[in-house]
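Let us read a protein model step by step, using questions and answers. Please look at the sequence and structure first.

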Amino acid sequence: GITFEGDGDVVVEQVPVGDAGPAPSLDRPVAIPATFDAAAARALREIIAKLVADLKADPGNVELWLNLGLRRQEIGDYESAREIYEYVTRLAPSGPYSKIWVAPF
């Protein structure tokens, strides 16, 4: 369940999930640049692996997709990040994320 606490008038509405078409591949290799610190690279691999596993279990989870897109962007995989952001736009076309574009592309 979702809970919300706050003051004032608040409207909470469910954002419908659209027909997003095929999802970006979750099986892309994770290529982290050699310039990354070894510990940071290891942590990013673990984070990406966890996000991929979670998305395989819950492929309609917009927040997981966005997090994966950010991680892909962080390691310089801009093509994968772009595909994910475009997919999120189709997945939740009326959601707040449909208007977010992250550079560089």
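Q: About how much space lies in the largest cavity?
A: This is a predicted model, in which local features need pLDDT of at least 70 and side-chain atom pairs count only at pLDDT 80 or more, whereas totals for chains, interfaces and linings use all residues. Residues are numbered from 1 along each chain as its sequence is written, and side-chain values use heavy atoms, with hydrogens and water left out. A cavity is a set of points, on a 1 Å grid over the protein atoms alone, where a 1.4 Å probe fits but cannot get out, and its volume is the space filled by probe spheres set on the points, which are joined across faces, edges and corners. The structure holds one cavity of 30 Å³ or more, and the space in the largest cavity is about 30 Å³.

Q: Which helix gives the most to the lining of the largest cavity?
A: The lining residues, those with an atom within 4 Å of a point, are Ser25, Leu26, Val52, Trp65, Leu68, Arg72, Ser80 and Ile84. Helices here are DSSP runs (H or I, at least four residues) numbered from the N terminus, and α2 and α3 (78-91) each supply at least two residues of this lining. With three residues, the helix that gives the most is α2.

Q: How are α2 and α3 oriented to each other?
A: Axes are lines fitted to C-alpha atoms over the stretch in contact, and angles run from 0 to 180 degrees between N-to-C directions. The axes of α2 and α3 lie 8 Å apart, and the helices pack at an angle of about 160 degrees. Angles over 145 degrees count as roughly antiparallel, so α2 and α3 are roughly antiparallel.

Q: Which residues of α1 meet α2?
A: The axes of α1 (residues 38-57) and α2 (residues 62-74) come within 10 Å and cross at roughly 150 degrees, and these two helices are therefore roughly antiparallel to each other. Contact means heavy atoms within 4.5 Å, and on the α2 side it involves Leu64, Trp65, Asn67, Leu68, Arg71 and Glu74. From α1, the residues that meet them are Leu44, Ile47, Ile48, Leu51, Val52, Asp54 and Leu55.

Conventions: Angles under 35 degrees count as roughly parallel, over 145 as roughly antiparallel, 65 to 115 as roughly perpendicular and the rest as oblique. On a 1 Å grid over the protein atoms alone, a cavity is a set of points where a 1.4 Å probe fits but cannot get out, and a pocket is an open set with protein on both sides within 12 Å along at least five of seven lines; lining residues have an atom within 4 Å of a point.
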